[in-house]
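Subject: Handing over the two-chain model

Hi there,

Here is the structure I promised to pass on to you. Have a look at it first, and then read my notes below.

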Protein chains: 2
Amino acid sequence: MNVLVLGAAGMVGRKFIEQVVKDDGRIGDGAVTHMTLFDVVEPKAPAGSPFQVTALAGDLGEPGIAQTLIADRPELIVHLAAIVSGEAEADFEKGYRVNLDSTRELFEAIRQAGGGYKPRLVFTSSIAVFGQPFPKDGITDDYNLTPLTSYGTQKAIGELLLADYSRRGFLDGVGIRLPTICVRPGKPNAAASGFFSGIIREPLNGQEAILPVSESVRHWHASPRAAVGFLLHAATMDTAPLGQRRSLTMPGLSVTVGEQIEALRRVAGDKVAARIVHRPDPVIQAIVGGWAEKCRPERAETFGFKAEKTFEEIIRVYIDDELGGRIPG
Amino acid sequence: MNVLVLGAAGMVGRKFIEQVVKDDGRIGDGAVTHMTLFDVVEPKAPAGSPFQVTALAGDLGEPGIAQTLIADRPELIVHLAAIVSGEAEADFEKGYRVNLDSTRELFEAIRQAGGGYKPRLVFTSSIAVFGQPFPKDGITDDYNLTPLTSYGTQKAIGELLLADYSRRGFLDGVGIRLPTICVRPGKPNAAASGFFSGIIREPLNGQEAILPVSESVRHWHASPRAAVGFLLHAATMDTAPLGQRRSLTMPGLSVTVGEQIEALRRVAGDKVAARIVHRPDPVIQAIVGGWAEKCRPERAETFGFKAEKTFEEIIRVYIDDELGGRIPG
């Protein structure tokens, strides 16, 4: 199987590639023979890969790039490339260019390739396609997409294009609306959502973490490991039962910040949990207030997508995958 | 008030312009001083207009056209320009170019105009943004958009762009999802939906009409006069209560074809109704089977949009507006 990963240098992209290597180059029943990794910076080829790897840097929106990337007809395309919410909000033109136009360039290159070419295309969308007000009992699978950011708008448009290009037979699309990924590894960042990971990651690493919102804030989470599982399942699932509704809200866990902290306390003790410092930030509180709190991803669960059931599990995934299984001194 | 009408040569566009002339050039509390009519063919200027009219032909998608059209900063833009469902399905590229790219060109021209320019923009969407399966009790205002045609996809994307450009403060958008317009005046056409009007119009004009579907087919209708009312209301309403959800399903009437025929019989008698010939067409039956049957347009009704309450009213609108108030011999 020939695979193309767009946005391969990002956190989820890297973990996806590592997992395929760990699985001896298998995705479902297929053996990967060649994987092309593409991003704006050249992605690092994974160590010990049983398949051939080509790593390329470039801009998907530039003329001819999408055509070049699909020239060897990858059977599977995993499209993770995007600029994040904050950047798409700060730079309107860049957001539309990267998150909408590049996606359309890719879909058009596939359509125009002809010769019966019809790859499986896994498109990563986001719960940012949803915006307040929400139903009390959670966002159902048939709730409308009312994004409150340009990023969410661009993802919602991507979902519509994916469905239309699939319906017309140009590609075989699956759109997966990712929850907020938690615990993100790495350094603290300035994203409004950064604290959801920071209040777990920094205390586990012996550092103080700022909590800018109240403990009653509720949000929808899944681990990086779950996100990789979503991609692998979307890459291989039978798409016939999806009908024309090609995008699915992924399973996740609805917890409050207070519940996150209690889970941390249970996993790592009072001393670690005490490293969280409450420092309310009205700006962040306002942004986060418009976000999805709880989804009811019944279709995705029916189709076999799985995520963590408790926040302790999410914390243990971080400790296992990023800290070698133990909490540092 | 300076007004720009895009798609001014179409049936709804012409009727909108005629109504403004009849209303002595007033739209709500505003007096129209100048109206620019634009379409792919040069629109006919209305007779006896109390305001200045400029009629232009061109392609909105061509570079510079949108900029030229908004150069004199129209306060109201009524955007009706589109190719219809059947054509967008038959010609994929043309559909995206006309229905999506041209709309985006227009929005971008407005955004880039600067200087605090922020027109009211009335965008005509369609119930084609909805696709089966539907809720049993009708399509609610928070039901998701799952178009089953490229046309519906392009309209749904237009709605998302309208909301984002409005949220960012570039324009003041109102999207109106039109029901199927019935009774359309003029000659029979080949559109799959054509028979909904044809089975009323042709018999009233002494001609036979083909009914290609069963009498149990249910659909969502409003008259051309109601559509003009929607545009006028959308042009002047207070948009603050809309929040970020800028597009509204317009009111209409859910009736079966059998109920349409009964209404025709009540209005025009057995002899006229007998001119309908049942000739089932499985292709048309299949297309129409995916369409919206019933909506629950509660938000639009709350905000003051109004349509007919019975199909007899819809027939009488046609007789009044197109046949001079009487049924021909």
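What follows is a short tour of what was found in it.

Please keep in mind that this is a predicted model, in which local features need pLDDT of at least 70 and side-chain atom pairs count only at pLDDT 80 or more, while totals for chains, interfaces and linings use all residues. Residues are numbered from 1 along each chain as its sequence is written, and chains are lettered from A and ligands numbered from 1 in the order in which they are written.

**The sheet**

Helices (H or I, at least four residues) and strands (E, at least two) are DSSP runs numbered from the N terminus, and two strands pair if DSSP finds at least two bridges between them. Angles here run from 0 to 180 degrees between N-to-C directions, and axes are lines fitted to C-alpha atoms, for helices over the stretch in contact.

Within that sheet, strand 1 (residues 2–6) and strand 4 (residues 34–39) of chain A run parallel and are joined by five bridges. A:Val5 is opposite A:Leu37 of strand 4 of chain A.

Contact between two residues is defined by C-beta atoms, placed from the backbone, that lie within 7 Å.

**Two domains in chain A**

Where they meet, domain 1 of chain A supplies 16 residues and domain 2 of chain A twelve residues. Helix 7 (residues 224–236) of chain A gives the largest share of the domain 1 side, five residues. That side of domain 1 of chain A has nine nonpolar, six polar and one charged residues. For these classes, Ala, Val, Leu, Ile, Met, Phe, Trp, Tyr, Cys and Pro count as nonpolar, Asp, Glu, Lys and Arg as charged, and the others, Gly among them, as polar.

**How the two chains meet**

Between the chains, 17 residues of chain A are in contact with 17 residues of chain B. Helix 5 of chain A brings the largest share of the chain A side, six residues. The chain A side divides into seven nonpolar, six polar and four charged residues.

Which rotation superposes chain A on chain B? The rotation is 180°, with 0.0 Å of shift along its axis and an RMSD of 0.0 Å. That is the relation of a two-fold axis. Copies are superposed by least squares on the C-alpha atoms of residues with pLDDT of at least 70 in both. In chain A, the C-alpha nearest the axis belongs to A:Asn144, 1.8 Å from it. The same surface serves both copies, as 100% of the contact residues of chain A recur in chain B.

**A helix pair and some backbone details**

In chain B, the axes of helix 4 (residues 92–113) and helix 5 (residues 150–167) come within 9 Å and cross at roughly 10°. Helix 4 and helix 5 of chain B are therefore roughly parallel to each other (angles under 35 degrees count as roughly parallel, over 145 as roughly antiparallel, 65 to 115 as roughly perpendicular and the rest as oblique).

Most residues other than glycine have a negative phi, and most peptide bonds are trans. A cis peptide bond, with omega about -5°, joins A:Gln132 and A:Pro133. A:Pro133 sits in the loop between strand 7 and helix 5 of chain A. B:Asp24 has a positive phi, near 60°, and lies in the loop between helix 1 (11–22) and strand 2 (26–27) of chain B.
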